[in-house]
Structures are given as C-alpha cells and as structure tokens.
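Dear colleague,

I am passing on a structure for you to look over, and my notes on helix packing and nonpolar cores follow it. Please bear in mind while reading that this is a predicted model.

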Amino acid sequence: VLADVLYTICTFVPQFVTFVARRWVLGPVYCLIQGHIGMVPGALNTLTVLAISAYRLKMVLAPLRDISLFTARLILALIWLLALSILVVIGAYNGGVVFNPHIARC
C-alpha cells in the first residue's frame, strides 16, 4: 500500500500539475528523476508478491515452522533496499531524459 501511495504522489500529482499548467513547472531536476522514481513502486510491488509467494511455498513445504516478526521485518527492509538499488542502477546508466528550458517541457 505504501508503494502505491508513493507512486501516486511521485507520478500522478506531477502529471496532473503539468496537465493543468500546460507546461512543465517542476524544474529540470525533477524532470530528470521523475521517470526513475516511478519505477520504485513497481519494483516494490513485484518483489512483495514474490515474497508472499515464497512464504506460501515455505508454508506448504514446512507448515509447522513459521517465521519470526524480526525475519519478516528484515525481508521487508531487504525488499525496499533492493527496489531502491534498482533505482540507483537504472539512474546511473540511463541519461535519456532531457529538460528543454526554452519551451519548459520535460
């Protein structure tokens, strides 16, 4: 749920502001990072579904052994770190977005 709220704030709100203003008003820095920020919630959702599937498989193979709260929190922290590291890697190797200040378009 947090990933969906993050996605809404980071992508839909700026797109709505741009649509209403009919030009890019959020500056060149956000123009460069907006596409990359939108990838994090997708990665989070995908990795969370993967973790849920792995947990279900574990419960089928060993139904009497459950994971601790610490282990669950550790898994969630690793999912967030992995999603953010994907953002860093993609951001380091992708420089295709260019801000044009003359027409204020991203």
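I begin with the largest nonpolar core, which is made up of seven residues in all, namely A3, V40, A43, L44, L47, I79 and A83. Two elements, helix 3 and helix 4 (69–93), each give two or more residues to this core, and helix 3 gives the most, with four residues. Apart from this core lies another one, of five residues, which include C10, Y30, C31 and I37.

A3 belongs to the largest core, and, once its neighbours within four places in sequence are left aside, A3 is in contact with P41, L44 and N45.

Helix 1 (residues 2–21) packs against helix 3 (residues 39–61) with their axes 8 Å apart and at an angle of about 165°. Because angles over 145 degrees count as roughly antiparallel, helix 1 is roughly antiparallel to helix 3. The crossing of these two helices, helix 1 and helix 3, is left-handed.

As for the residues that meet there, helix 1 brings A3, D4, L6 and Y7, while helix 3 brings V40, P41, L44 and N45. Sorted by class, the contact of helix 1 with helix 3 has six nonpolar residues, one polar and one charged.

With best regards

How values were computed. Residues numbered from 1 in each chain as written. Predicted model: local features only at pLDDT ≥ 70, side-chain atom pairs only at ≥ 80, totals over all residues. Heavy atoms only, no water. Axes fitted to C-alpha atoms, helices over the stretch in contact; angles between N-to-C directions. Parallel < 35°, antiparallel > 145°, perpendicular 65-115°, else oblique. Left-handed = near helix turned anticlockwise from the far one by under 90°. Contact = heavy atoms within 4.5 Å. Nonpolar A, V, L, I, M, F, W, Y, C, P; charged D, E, K, R; others polar. Core = buried A, V, L, I, M, F, W, Y, C linked by side-chain atoms within 4.5 Å. Buried < 20%, exposed > 50% of the residue type's maximum accessible area, 1.4 Å probe, protein only.
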